[in-house]
Amino acid sequence: MNPWKTSRRIVLTCARGMVPFLLTETAGLGFAIRGETETAVETEGSLTDSLRLNLRLRTAHRVLYHLATLEADGPGSLYGGITDLPWEEYIHEDGYLTVTCTVNNPTINDSRFVNMKAKDAIVDRMTARRGRRPDSGPERTGAVVHVHWQGNRAEVFLHTSGEPLSRRGYRQIPMAAPMQETLAAGVLMAAGWKGEGNLVNPMCGSGTLAVEGALMALNRAPGLHREHFGFMSVRGFPEKEWDALLRQARKEGRRSLPGRIVATDIEREAVAAARLNARRAGVEEHISFSAGDFMRTEVPPGDGLVIFNPPYGERLGDQAVLGELYGRLGDFLKKSCQGYAGAVFTGNLALAKRIGLRTNRRIPFFNGDIECRLLLYDLYGGSRKPDRGV
Ligand SMILES: C[S@@+](CC[C@H](N)C(=O)[O-])C[C@H]1O[C@@H](n2cnc3c(N)ncnc32)[C@H](O)[C@@H]1O
């Protein structure tokens, strides 16, 4: 079986709360939806299809190409089942191999043991068939195999992303409490950002929302800045097809924006980091950065989206001071952002009440383990303006 041409199940994993956006993205790329769970969307396609999914999906963490489902009641049967798979067809014997896993099996209390057992099974098979075996270790710089073991069932995948897709490759300086790139993209989608109006992001921190917003508005594929994906180390990687996909993605990108993107933060260091991250993402020229209190953020005339990810006390800041900050944030939205859609992403609903504006939607998300909300506000002032596609 040539996996580059054979259609199989593909599981796209994501953070909790992101499934609705990942469903829309997957269907938008023309892939059929075969199922969903709380943290994954299922579709089908060949390994070649995984190239496009990895390059284009903004909200997925991993693109997993299904190889086999094994009956495994313990480490011995897992080893046996994995040894039976034709690894020599997928992996270079002189390459580098990493095994990752998610495990929920009563015989296992350390998932590293499963990684080791599965890795042994693969390299033993390759030594038997090819007389040589790949090196192995934790760095996902070569081929990556993922094992998802629940009860007596182990699913084995080629992990075509390698490093999670949230690591776009542009963010070198995360600053305090950064948002994952995938979460920022999902939050912007939920806030209705389509790149048509202005995007204003006070309290930008390391600039993740502004950078992701710019990439979306410019129609730039999020994977264009990554140097390595797991699929590149799978035997038979069609380099020419990958180059063609990259060329096509670059051609489809917009060169300029209809609106402006403004990002500010009170910390000069954060602004410098955000600017550097934007430069690495190739969007610096599209974002106006400045340092200062958020109340002084320029809100360009017209309409668009103003989006905040304020500190919320779990990891940064102090509640009393933050209460005052959220109150001022509400004043700013009310007085300085008329004509805009407003959005506040926070993990602290008590503080959110201090904003003092009526939400028109509250969308649940998770930032790591912290349950968060995206609060959406209409800030249309006296006369309600029509939606111009923020
Ligand atoms: C949760 S972090 C934002 C993280 C950001 N979304 C990212 O991905 O890096 C909150 C930011 O609010 C900024 N901040 C706090 N008080 C502020 C104020 N009064 N005016 C402007 N920025 C402020 C902090 O410096 C911090 O960078």
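I am working on a predicted model, where local features need pLDDT of at least 70, side-chain atom pairs count only at pLDDT 80 or more, and totals for chains, interfaces and linings use all residues. I number residues from 1 along each chain as its sequence is written.

**Entry 1: L165**

I looked up what L165 touches. Leaving out residues up to four places away in sequence, L165 touches N54, L57, A60, H61, R62 and T182. I then found L165 in the loop between strand 8 (153-159) and helix 5. Helices (H or I, at least four residues) and strands (E, at least two) are DSSP runs, numbered from the N terminus.

Is L165 buried or exposed? I noted the cut-offs: a residue is buried if 20 or more other C-beta atoms lie within 10 Å of its own, exposed if 12 or fewer, and partly exposed in between, with C-beta atoms placed from the backbone. L165 has 28 other C-beta atoms within 10 Å, so L165 is buried. I also checked L165 against R354: they are 189 residues apart in sequence and 35 Å apart in space, C-alpha to C-alpha.

**Entry 2: T98**

I went to strand 5 (residues 96-104), where T98 is found. T98 counts as buried because it has 22 C-beta neighbours inside 10 Å. Not counting residues up to four places away in sequence, T98 touches S136, G137, P138, E139, R140, G142 and V144. T98 and L246 are 148 residues apart in sequence, and 26 Å separates them in space, C-alpha to C-alpha.

**Entry 3: Whole protein**

I counted elements next: the protein has ten helices and 15 strands. The radius of gyration is 23 Å, close to the 21 Å that the globule rule gives for 390 residues, so the protein is as compact as a globular protein of that length. This radius is taken over C-alpha atoms, and the rule is 2.2 Å times the number of residues to the power 0.38. Along the principal axes, the C-alpha atoms fill a box of roughly 75 × 45 × 35 Å. Of the 390 residues, 47% are buried. I also looked at contacts with a separation of 6 or more: residues 24 or more positions apart account for 78% of them.

**Entry 4: Domains**

How is the protein divided? I found domain 1 (8-159) and domain 2 (181-219 + 254-379). Their bounds come from an automatic or database domain assignment. The C-alpha centres of the two domains lie 35 Å apart. Nine residues from domain 1 and nine residues from domain 2 make the contact. On the side of domain 1 that touches domain 2, I noted four nonpolar, three polar and two charged residues. Here Ala, Val, Leu, Ile, Met, Phe, Trp, Tyr, Cys and Pro count as nonpolar, Asp, Glu, Lys and Arg as charged, and the others, Gly among them, as polar.

**Entry 5: Core and helix 5**

A nonpolar core is a set of buried Ala, Val, Leu, Ile, Met, Phe, Trp, Tyr and Cys residues joined through C-beta atoms within 7 Å. The largest one here has 109 residues, and those with the most contacts inside it are L12, A118, I122, V145, A191 and A210. Helix 5 (residues 181-190) gives the most to this core, with seven residues. Domain 1 and domain 2 both give residues to the core, so it lies between them.

Then I turned to helix 5. Ten of its ten residues are buried. They pack against helix 1 (19-28), helix 6 (208-217), strand 13 (340-346), strand 14 (361-367) and strand 15 (370-379). After helix 5 comes G192, with a positive phi near 85°.

**Entry 6: Ligand shell and M203**

Which residues are closest to the ligand? I listed M203, G205, S206, T208 and I266, among the 20 residues that surround the ligand. A residue is near a molecule if its C-beta atom, placed from the backbone, lies within 6 Å of it. By class, the shell has 13 nonpolar, four polar and three charged residues.

M203 sits in the loop between strand 9 (198-201) and helix 6. Its phi is positive, about 60°, although M203 is not a glycine.

Definitions and conventions:
Two residues are in contact if their C-beta atoms, placed from the backbone, lie within 7 Å.
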